[in-house]
Amino acid sequence: MKSMHVKKGDRVKVIAGKDKGKIGEIIAVDAERNRVTVEGVNIVKRHLRDQATQSGQQTKGGIIASEAPIHVSNVQLVIGTGKDAKVTRVGYKRVEVTKRRPDGSEYTATRSVRIARKTGEEI
């Protein structure tokens, strides 16, 4: 499975579709289907009827609005806040880190970090 350029908790801007231009936070990621659910974007209404639970109580139905997932290619990462918020592509680079073994000894290893292509800083 290929990794995505965004992950849960990232602020993204919708770049295609009916909600183009909206900015929101990713609340769910479905890597298998390449879809993300963004807060306040792609709102759909579902009609639910009253249902009885196993304990005999009644849950109220009605029209419930919630976010539906959109394709990951339709969002772009946003860095910064307020007026200086900009969209950027995501790059990856390897950085050297020091790790510690259970016995207390240390060693160096590399790990991949996400970087903003526009500024070069770590995300």
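**Sheet, turn and a few residues**

Student: What's the strand order in the open sheet?

Tutor: The open sheet has six strands in the order β8-β3-β2-β1-β9-β10, with antiparallel pairing. A strand here is a DSSP run of E at least two residues long, numbered from the N terminus, and two strands pair if DSSP finds at least two bridges between them.

Student: And which are the edge strands?

Tutor: β8 (70-71) and β10 (86-88), each of which pairs on one side only.

Student: Before we go on, where do these numbers come from?

Tutor: It's a predicted model, so to speak: local features need pLDDT of at least 70, side-chain atom pairs count only at pLDDT 80 or more, and totals for chains, interfaces and linings use all residues. Residues are numbered from 1 along each chain as its sequence is written, and side-chain values use heavy atoms, with hydrogens and water left out.

Student: OK. How many helices and strands are in the chain?

Tutor: Zero helices and twelve strands. A helix would be a DSSP run of H or I with at least four residues. From the N terminus on, the elements read β-β-β-β-β-β-β-β-β-β-β-β.

Student: What radius of gyration does the chain have, and what would a compact globule have?

Tutor: The chain has 20 Å, while a compact globule of 123 residues would be near 14 Å. That radius is taken over C-alpha atoms, and the globule rule is 2.2 Å times the number of residues to the power 0.38. Along the principal axes, the C-alpha atoms fill a box of roughly 60 × 45 × 30 Å.

Student: How much of the chain is buried?

Tutor: Buried residues make up 23% of the 123. Buried means under 20% relative accessible area, exposed over 50%, and partly exposed in between, using a 1.4 Å probe and protein chains only. The chain exposes about 9000 Å², with carbon and sulfur atoms supplying 46% of it; such areas come from the Shrake-Rupley method with a 1.4 Å probe, and for residues only the protein chains shown count as cover.

Student: Back to the sheet. How many bridges join β2 to β3?

Tutor: Four bridges, between β2 (residues 23-30) and β3 (residues 35-38), which run antiparallel. Ile-26 has Val-38 of β3 as its bridge partner, and Asp-30 is bridged to Arg-35, also in β3.

Student: What holds paired strands together in general?

Tutor: Strands of a sheet pair through backbone hydrogen bonds, either parallel or antiparallel.

Student: Which residue in the turn between β2 and β3 has a positive phi?

Tutor: Asn-34, at about 55°, in a hairpin with four residues between β2 and β3. Most residues other than glycine have a negative phi. Asn-42 also has a positive phi, near 55°, and sits in the loop between β3 and β4 (43-48).

Student: Why does Asn-34 count as partly exposed?

Tutor: Because its relative accessibility is 33%.

Student: And Asn-42, buried or exposed?

Tutor: Asn-42 is buried, because its relative accessible area is 15%. Leaving aside neighbours within four places in sequence, Asn-42 is in contact (heavy atoms within 4.5 Å) with Lys-18, Asp-19, Ser-66, Glu-67, Ala-68, Pro-69 and Ile-70.

Student: Last one. How far apart are the mean positions of the positive and negative charges?

Tutor: 6 Å, for 26 positive and 14 negative charges. Lys and Arg count as positive, Asp and Glu as negative, and His and the chain ends are not counted; each charge is placed at NZ of Lys, CZ of Arg, CG of Asp or CD of Glu.
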